[in-house]
Amino acid sequence: MAGLPRKRMAAGVLFRDGADRVLLVQPSYKPNFEIPGGAVEADESPWATAQREVREEIGCDYPLGRLLVVDYVRPQDSRPEGVVFVFDGGQLTEDDVAAMVFAESEIVSADFHTMAEARGKVKPLLADRLESALDAIRLGTTVICEQGRRIA
């Protein structure tokens, strides 16, 4: 077993408002924005990761919706290949965002953004993944992606 390949995994949650704007969080430790989420820890499922990260980053305990995206990410920079899962967090309001309690010293802010705005705030890979997740919501399905782009 030790010789088998290993892949890193991450999980995130897509929240949106009634106008299909996406919720982005602004981390304090890097310039680009993200959706709530993070790395899957040892012996942790992707859905448990998504729930944990939402609690840790924005202080909420919302139930997870269905799986929207499974995205294969090729190796890049010094990172090995990986798989990213995006779950549906459903719709929130401005009042929900105002009530969020951010992870101390980790998250600076959270707000809704159109996809055009989001493209200027997130890495291109995440922007493509968010577009795919919004497609999954409209189609009522789970989409399979490679590098954020829908292949099925």
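Guide: One term before we start: contact, or touching, means heavy atoms within 4.5 Å. This is a predicted model, where local features need pLDDT of at least 70, side-chain atom pairs count only at pLDDT 80 or more, and totals for chains, interfaces and linings use all residues. Residues are numbered from 1 along each chain as its sequence is written, and side-chain values use heavy atoms, with hydrogens and water left out.

Visitor: Fine. What does Leu-130 touch, leaving out residues up to four places away in sequence?
Guide: Leu-14, Val-22, Leu-24, Ile-35 and Met-115.

Visitor: Which residues touch the most other members of the largest nonpolar core?
Guide: Leu-14, Val-22, Leu-24, Val-69, Val-86 and Leu-130, out of 22 residues. A nonpolar core is a set of buried Ala, Val, Leu, Ile, Met, Phe, Trp, Tyr and Cys residues joined through side-chain atoms within 4.5 Å. Buried means under 20% relative accessible area, exposed over 50%, partly exposed in between (1.4 Å probe, protein chains only).

Visitor: Which element gives the most to this core?
Guide: H4, with seven residues. Helices (H or I, at least four residues) and strands (E, at least two) are DSSP runs, numbered from the N terminus. There is also a second, separate core of 19 residues, which includes Val-13, Val-54, Cys-60 and Phe-112.

Visitor: Take Ala-133. Where does it lie, and why does it count as buried?
Guide: Ala-133 lies in helix H4. It counts as buried because its relative accessibility is 0%. Beyond four places in sequence, Ala-133 touches Leu-14, Leu-68, Val-69 and Val-86. Ala-133 and Val-86 are 47 residues apart in sequence, yet 7.3 Å apart in space, C-alpha to C-alpha.

Visitor: Now Asp-88. Buried or exposed?
Guide: Buried, because its relative accessible area is 12%. Asp-88 is found in strand S5. A polar atom of its side chain lies 2.8 Å from the backbone nitrogen of Gly-90. Leaving out residues up to four places away, the contacts of Asp-88 include Val-13, Leu-14, Arg-16 and Ile-137.

Visitor: And Thr-49, what does it touch beyond four places in sequence?
Guide: Ala-11, Gly-38, Ala-39, Val-40, Glu-41 and Glu-44. Thr-49 sits in helix H1 (residues 46-58) and is buried, at 0% relative accessibility.

Visitor: What about the second largest pocket, what volume does it have?
Guide: About 250 Å³. Its lining has three nonpolar, no polar and six charged residues. Ala, Val, Leu, Ile, Met, Phe, Trp, Tyr, Cys and Pro count as nonpolar, Asp, Glu, Lys and Arg as charged, and the others, Gly among them, as polar. Among the lining residues are Arg-6, Met-9, Val-40 and Glu-44.

Methods: On a 1 Å grid over the protein atoms alone, a cavity is a set of points where a 1.4 Å probe fits but cannot get out, and a pocket is an open set with protein on both sides within 12 Å along at least five of seven lines; lining residues have an atom within 4 Å of a point. Grid points are joined across faces, edges and corners, and a volume is the space filled by probe spheres set on the points. A polar contact is a pair of N or O atoms within 3.5 Å; within protein, one must be able to donate a hydrogen and the other to accept it, and residues adjacent in sequence count only if both atoms are side-chain atoms.
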